[in-house]
Amino acid sequence: WYRLLRRQPPSLVGDLRRMHEEFDIQCTAKPDGAHDDMGIVDSSLAMAKLASYDESVWVEEHFRQDRFWVHGQTQSIVLLWKSQFFQQRLVLPRWQEWEPLVRPVLQLACKRWGYAYDDIDVWKAAIVRLPAGKTIKQHWDQQALLAFAHRVHWVISPEGSTITTIGRDKFTKERLPHGTVFEFNNIMTHWVKNLGTTDRVHAILDIVPKKMRGYEDKFVETLQNEL
């Protein structure tokens with residue numbers, strides 16, 4: 001957090017205090033190392049859902065790629081989005097069909113952390129594809145909201161020849177078989193290279209232990225006019 005706070009506006013300290021005092025929510029603890037392997041959740045239904053989409057689905061929501069240059073070569077199906085601590089969570093149409101598919105992932109994470117499933121909130125959720133031959137550039141997640149939550153990845157597709165580097169650790173298909181659920185230490189420097197001939201797909205979920213009462217969901221068709 002000291003590294004992070006140096007890059008944030010002074011108002012962030014007040015926001016963090018308000019999160020603690022009004023909502024009893026504090027910054028989540030990160031894994032001691034690069035990641036915390038939580039186990040396996042079968043991803044076959046998720047793969048089938050993706051197979052039912054045509055290519056246009058992957059390019060209909062390009063906000064994430066446009067806003068964050070390091071992700072410019074990825075493609076995303078955004079399900080949930082929250083930009084600031086004291087803003088509503090934006091719920092996009094495809095969350096309704098994906099929520100049952102990611103529920104076992106959330107339940108596994110809750111079991112790991114000792115959270116009650118009905119208490120947690122998911123601030124962001126997206127299905128992210130890294131096409132063959134593309135990269136996610138080296139970076140660490142500097143935005144306070146990103147560092148605040150648990151960041152969980154679910155490996156939906158086989159990793160193929162993808163290499164994920166987090167800090168000094170490298171992860172390939174042997175360490176990340178498809179179906180793997182892991183918490184990712186996103187304040188460590190990381191990057192991803194897909195050196196193979198097939199696309200790599202992960203679900204990414206940002207989870208906090210409690211809901212923010214009074215900040216009800218806003219249902220939107222797209223992020224483009226909201227952010």
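**Note on the pocket, sheets and cavity of a predicted model**

1. The largest pocket holds about 430 Å³ of space, a pocket being an open set of points, on a 1 Å grid over the protein atoms alone, with protein on both sides within 12 Å along at least five of seven lines. The volume is the space filled by probe spheres set on the points, which are joined across faces, edges and corners. This is a predicted model, in which local features need pLDDT of at least 70 and side-chain atom pairs count only at pLDDT 80 or more, while totals for chains, interfaces and linings use all residues. Residues are numbered from 1 along each chain as its sequence is written, and side-chain values use heavy atoms, with hydrogens and water left out.

2. The lining of the largest pocket comprises 25 residues, of which F68, H71, K124, Q143 and L146 lie nearest its centre; a lining residue has an atom within 4 Å of a point. Two or more residues each come from α5 (63-67), β2 (75-81), β4 (121-130) and β11, and β4 gives the most, with 4 residues. Helices (H or I, at least four residues) and strands (E, at least two) are DSSP runs, numbered from the N terminus. By class, the lining of this pocket has 13 nonpolar, 6 polar and 6 charged residues, where Ala, Val, Leu, Ile, Met, Phe, Trp, Tyr, Cys and Pro count as nonpolar, Asp, Glu, Lys and Arg as charged, and the others, Gly among them, as polar.

3. An open sheet of 8 strands runs in the order β1-β9-β6-β11-β4-β2-β3-β12, with mixed pairing; two strands pair if DSSP finds at least two bridges between them. At the edges stand β1 and β12 (218-219), each with a single partner strand, so one side of each has no neighbour in the sheet. Within this order, β2 and β3 (residues 90-91) pair in the antiparallel sense over 2 bridges, and L80 stands opposite V91 in β3.

4. Helix α6 (residues 95-113) lies across β1, β2, β3, β4, β6, β9 and β11, at about 115° to β1. Axes here are lines fitted to C-alpha atoms, for helices over the stretch in contact (heavy atoms within 4.5 Å), and angles run from 0 to 180 degrees between N-to-C directions.

5. A further open sheet has 4 strands in the order β5-β10-β7-β8, with antiparallel pairing. Its edge strands are β5 and β8 (169-171), each pairing on one side only, and the twist averages 15° from one strand to the next. β5 and β10 pair over 3 bridges, and H139 stands opposite H190 in β10.

6. T165 lies in strand β7 and, at 3% relative accessibility, counts as buried (under 20% relative accessible area, with exposed over 50% and partly exposed in between, using a 1.4 Å probe and protein chains only). Leaving aside neighbours within four places in sequence, T165 is in contact with K170, T189, H190 and W191.

7. The search of the whole structure finds 1 cavity of 30 Å³ or more, a cavity being a set of points where a 1.4 Å probe fits but cannot get out. The largest cavity holds about 180 Å³ of space and is lined by 19 residues, of which I136, H153, F184, H190 and V192 lie nearest its centre. By class, this lining has 8 nonpolar, 7 polar and 4 charged residues.
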